[in-house]
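Here is a short report on one protein chain. Keep the sequence and the 3D view at hand as you read.

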Amino acid sequence: MFDGLTIERSFVTVALEQMYATGYGTHPLRSGRRIRPAGSLLLVLLLALAVSLGLAVVAHGGTSPGYSTVVVQPGDTLWSIAAEHYPSDDVRARVQDIESANGLGGPSLQVGETLRLPA
């Protein structure tokens, strides 16, 4: 009815028209696709696996340490190689690092042998 100044319409009709006019649809904001419980469980497990692997890499120290190599020359010893390649470090500690990186059981070296030097 029209009584001069007001038009009688239900609140729901006015609210829906306002939503439509402002760019909001009258349907809920949902995708037509639904995630099944098994799919959501798989998604959660994959996410947990990715986070676990990321934390393991960070805790382990990132990537494996870099190595350089040196070929043993006549007269070389582990001590001289360590002193030459790590002048500012403790030579004793570096000799042990070279031994463990190459699986050496002692300080004996063979001429022409290639040694890995930890970075």
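The protein chain has 4 helices and 2 strands. Helices (H or I, at least four residues) and strands (E, at least two) are DSSP runs, numbered from the N terminus. From that end, the elements run α-α-β-α-α-β. This is a predicted model, where local features need pLDDT of at least 70, side-chain atom pairs count only at pLDDT 80 or more, and totals for chains, interfaces and linings use all residues. Residues are numbered from 1 along each chain as its sequence is written, and side-chain values use heavy atoms, with hydrogens and water left out.

**The whole chain**

Of the 119 residues, 15% are buried. Buried means under 20% relative accessible area, exposed over 50%, and partly exposed in between (1.4 Å probe, protein chains only). Contact means heavy atoms within 4.5 Å. Among contacts between residues at least 6 apart in sequence, 54% join residues at least 24 apart.

**Helix α3**

Which residues of helix α3 are buried? In α3 (residues 78–85) they are L78, I81 and A82. They cover an arc of only 95° around the axis, so they sit on the same side of α3. That arc is taken from the directions from the helix axis to the C-beta atoms. In general, an α-helix has 3.6 residues a turn, so residues three or four places apart point the same way. The cover over the buried residues of α3 includes β1 (67–71), α4 (91–102) and β2 (114–118).

The table leaves out neighbours within four places in sequence.

| Residue | In contact with (heavy atoms within 4.5 Å) |
|---|---|
| E99 | L78, L104, G106, P107 |
| R94 | A82, Y86, D89, P118, A119 |
| T114 | T69, V70, V71, N102 |

E99 lies in helix α4. E99 is buried yet has no salt bridge. A salt bridge is a side-chain nitrogen of Lys or Arg within 4 Å of a carboxyl oxygen of Asp or Glu. The nearest side chain of opposite charge to E99 is R92, 12 Å away. Here Lys and Arg count as positive, Asp and Glu as negative, while His and the chain ends are not counted.

R94 is also found in helix α4. Is R94 buried or exposed? R94 counts as buried because its relative accessible area is 14%.

T114 belongs to strand β2. T114 is partly exposed, because its relative accessibility is 47%. T114 and V72 are 42 residues apart in sequence, but 6.3 Å apart in space, C-alpha to C-alpha.
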